Amino acid sequence: GELNIREFDYFKLALQWPGTFCKSTRHCCSKNACCRGSNAPTEFTIHGLWPDYNDGTWPSCCSRSDFDPKEISTLVDGLEKYWPTLSCSSPSKCHGGREKHGTCSYPVIRDEYHYFLTGLNVYFKYNVTRVLYEAGYVPSNTEKYPVGGIISAIQNAFHITPSIVCSKDSIKELHLCFYKDFTPRDCATVSSINIEMVTSKASCPKYVSLPIHVS
Ligand code: 5GP
Ligand code: 5GP
């Protein structure tokens, strides 16, 4: 049945850096992407397309309707590559499952198929890995980069301010935000935004890395 939940305000495309996530998990498991080939992917992959409220909270698990794998069978290859599961633990019905956020996106997004298709399309349109690469921020286990420079590179490319999450001195996630029609917007909801604010709110030190995980 439908739950009566207030419609969200905007979308957050949460990208994750697999090298950082995989470093923190103890082992490879057959179903995760940490061990694909011998390395984790060296590009940002999709963690989720998340509907959010402007007040910093978010809805989750908005309907009990089941996730139907058949609806996205034509997207499976793209999802495995670009929206992979990095965790080894089995998702429960909602938590850890891809439907956790998807079900809160309706009816702004029409259905399950379009939710995943939209996530992939937005991911390809706003290629963060490429933008950082072109600015000289390349995957490395030895180099460290200024967080301010990374944020500037995204601002210059997409004219919006992302948010960024670190684990120790490694980038863990980078978030891009969008209005409900998928025009880009800043992730912070305050009106005056500068790099100092973004970096001080983030869990990141001044210099961060994009590590390469070798299993
Ligand atoms: P974490 O503890 O890793 O920051 O977040 C755990 C989970 O909470 C995420 O995987 C995601 O499902 C949800 N979550 C965390 N931050 C946000 C957010 O800003 N927006 C939404 N919609 N979900 C979030
Ligand atoms: P949720 O699955 O509720 O969105 O996130 C809960 C927790 O599951 C996350 O904070 C994270 O520790 C773990 N998790 C499960 N799958 C993934 C994944 O593919 N990427 C990341 N970053 N975390 C995951």
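So, the face of H4 turned away from its buried side: that's where you find the exposed residues Phe124 and Lys125. Helices are DSSP runs of H or I with at least four residues, strands are runs of E with at least two, and both are numbered from the N terminus.

Before I go on, the housekeeping. This is a predicted model, where local features need pLDDT of at least 70, side-chain atom pairs count only at pLDDT 80 or more, and totals for chains, interfaces and linings use all residues. Residues are numbered from 1 along each chain as its sequence is written, while chains are lettered from A and ligands numbered from 1 in the order in which they are written.

Okay, back to H4. What sits on the buried side? The buried residues of H4 are Glu112, Tyr115, Phe116, Thr118, Gly119 and Tyr123. They're on the same side of H4 because they cover an arc of only 155° around the axis, the arc being that of the directions from the helix axis to the C-beta atoms. Contact here is C-beta atoms, placed from the backbone, within 7 Å. As for geometry, H4 runs over residues 112-125, so 14 residues, and reaches 20 Å from first C-alpha to last, close to the 20 Å expected at 1.5 Å a residue. That expected span is 1.5 Å times one less than the number of residues.

Setting aside neighbours within four places in sequence, Ile109 contacts His114, Tyr115 and Thr118.

Let's move to H6, residues 147-158. H6 has 12 residues and reaches 17 Å between its end C-alphas, close to the 16 Å expected at 1.5 Å a residue. Its buried residues are Val147, Ile150, Ile151, Ala153 and Ile154. Seen down the axis of H6, they fall within an arc of 155°, so they line one face of the helix.

His159 sits in the loop between H6 and strand E4 (163-167), and it is exposed, with 10 other C-beta atoms within 10 Å. There's another one like that: Phe182 has a positive phi near 70°, and isn't a glycine either. Phe182 is in the loop between strand E5 (170-178) and strand E6 (184-185), partly exposed, with 17 other C-beta atoms within 10 Å. For background, most residues other than glycine have a negative phi, and most peptide bonds are trans.

On to the ligand. Which residues are around ligand 1? Lys12, Gly48, Trp50, Asp52, Trp58, Lys100 and His101, where being near means a C-beta atom, placed from the backbone, within 6 Å. E2 gives the largest share of that shell, 3 residues, and strand E2 (45-52) and helix H3 (99-102) each supply at least two. By class it's 2 nonpolar, 2 polar and 3 charged; nonpolar is Ala, Val, Leu, Ile, Met, Phe, Trp, Tyr, Cys and Pro, charged is Asp, Glu, Lys and Arg, and the others, Gly among them, are polar.

Trp58, from that shell, lies in the loop between E2 and H2. Trp58 is partly exposed, with 14 other C-beta atoms within 10 Å. Residues up to four places away in sequence aside, Trp58 touches Trp50, Pro51, Asp52 and Tyr53.

Last, the overall picture. The protein has 7 helices and 7 strands, and of its 215 residues 34% count as buried. Among contacts between residues at least 6 apart in sequence, 78% join residues at least 24 apart.

And confidence: pLDDT is the predictor's confidence in each residue, from 0 to 100. The protein averages 87, with 82% of the residues scoring at least 70. The model scores ipTM 0.84 and pTM 0.89.

Technical notes. A residue is buried if 20 or more other C-beta atoms lie within 10 Å of its own, exposed if 12 or fewer, and partly exposed in between; C-beta atoms are placed from the backbone. Two residues are in contact if their C-beta atoms, placed from the backbone, lie within 7 Å.
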